[in-house]
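User: Hi! Could you walk me through this model? I'd like to hop between a few spots.

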Amino acid sequence: MQLKVVGIVVSGKLKYFQQCIDAISKQEVPFEKVVVVPWGNEREKIEDFAKKQEKIKIQIVPPSEDSTLEGARNNALYSIGSNPPDWVAFIDDDTEIDSKWLQEMIAAANELGNNYTFASVVTYASKPNIVQGAGHILFEARPLDCAYNHPISAICTSDDPLCPCGNCAFVPWKAIEEISKLDKEIWDPRFRQWQTCFDFGLKLRLVNFGCRLVRSAFAKHEGACGRKKVYSKDDVINQLRSRILLYDKFYPEEERKNVMKLLENAVRRWKKNGYPSAPQCKGNEMEEIFNEALNQEKELKRGMSKVWLRRMEELDERYRRSLLFDGSTLPPP
């Protein structure tokens, strides 16, 4: 069956946008259209380039006052809500999908149905045989990229992720509708890109959508983890702030106590050895970073919906732990 698929691309850099649109235009199975939300200093250049495209239909949606990635994605979704597609593909502007990407995603959707979301095998643009991520998991409550920095051949043939990475995710419109019934923030701007896929992914799980990795769908994405060899102090603050926010939003009281103990133990290790992606952050500075992350999170969580926490509390305990701690994806009971 030919499905109606709309792509969503948020972009602030013309160079990335051009590469992304070039890859989209080469799809062997075309998109119905691509919704573009341009922002920042290069917005006009991006709009001009988009208007000149003839191979694909592009709808330009102006950014709202909320200039976050999440706010822009929400704005794009609102713009197509009156005439929704069957599926939405979220594609980062610095991601280049393979020419068969959409074809493989549609094949998976036709086989398994629209009660699933689908993740891609994403490699580094500079190292096309090394996996940057194959979806996400929470292992011991740590947000992780599946198969990170492993060769493609190392991807397990049986394990599936908790959720897709937003750099090239394939999501049924039905899932978007189910989330929006509970929360107008389909993507939550509080996360400011850090851990935002886990926020969206846990929402998808809580409205009963599973996730599968399409091992035949490939994309290239250098991303921040490829371009930056060492993160800055502010990067570390932002990572930890959003990680704590994720715990507040989805982890019931006892689980949250447990994960905060795990995180505090990790901070003690990082004080001694340095933060994994920012080894210069250690000692007293690491403690200052953690305290600043806690303070920022307190401000961000004000007014945050409790609906997802209540949903999580209602889950079977074993299934809940499989989502939040084990890195496994047990089927719901």
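User: How many bridges join β8 to β9, and do they run parallel or antiparallel?
Analyst: Four bridges join strand β8 (residues 136-139) to strand β9 (residues 142-145), and the two run antiparallel. Strands here are DSSP runs of E with at least two residues, helices are H or I runs of at least four, and both are numbered from the N terminus. Two strands pair if DSSP finds at least two bridges between them. Keep in mind that this is a predicted model, in which local features need pLDDT of at least 70, side-chain atom pairs count only at pLDDT 80 or more, and totals for chains, interfaces and linings use all residues. Residues are numbered from 1 along each chain as its sequence is written, and side-chain values use heavy atoms, with hydrogens and water left out.

User: Thanks! Which residue in β9 is the bridge partner of F139?
Analyst: That partner is R142. The hairpin has two residues between the strands, and E140 takes a positive phi near 55° there.

User: Where is Q195, and what is its phi?
Analyst: Q195 is in the loop between α5 and α6, and its phi is near 60°, a positive value in a residue other than glycine. Most residues other than glycine have a negative phi. At 14% relative accessibility, Q195 counts as buried.

User: And at what angle do α5 and α6 pack?
Analyst: Helix α5 (residues 173-182) and helix α6 (residues 196-206) pack at about 90°, with their axes 10 Å apart. Axes are lines fitted to C-alpha atoms, for helices over the stretch in contact, and angles run from 0 to 180 degrees between N-to-C directions. The two helices are therefore roughly perpendicular, a label for angles of 65 to 115 degrees.

User: Which residues meet there?
Analyst: A175, I176 and I179 in α5 meet F200, K203 and L204 in α6; contact means heavy atoms within 4.5 Å. By class, this contact has five nonpolar, no polar and one charged residues. Ala, Val, Leu, Ile, Met, Phe, Trp, Tyr, Cys and Pro count as nonpolar, Asp, Glu, Lys and Arg as charged, and the others, Gly among them, as polar.

User: New topic: how many residues are in the largest nonpolar core?
Analyst: It has 66 residues, and F200 and L240 are among those with the most contacts inside it. Helix α8 (residues 233-250) gives the most to this core, with eight residues. A nonpolar core is a set of buried Ala, Val, Leu, Ile, Met, Phe, Trp, Tyr and Cys residues joined through side-chain atoms within 4.5 Å.

User: What does L240 touch?
Analyst: Not counting residues up to four places away in sequence, L240 touches L263, W270, Y275, M286, I289, F290 and A293. A second, separate core of 34 residues includes I56, A89, F170 and V214.

User: Where does F118 sit, and is it buried or exposed?
Analyst: F118 is in strand β6 (residues 116-123) and is buried, with a relative accessible area of 0%. Its contacts beyond four places in sequence include W87, F170 and V214. F118 and C211 are 93 residues apart in sequence and 5.6 Å apart in space, C-alpha to C-alpha.

User: Last one: how many residues of β1 are buried?
Analyst: Seven of the seven residues in strand β1 (residues 5-11) are buried. β1 pairs in the parallel sense with strand β4 (residues 87-91) over four bridges, and I8 stands opposite F90 there.

Note on methods:
Parallel < 35°, antiparallel > 145°, perpendicular 65-115°, else oblique. Buried < 20%, exposed > 50% of the residue type's maximum accessible area, 1.4 Å probe, protein only.
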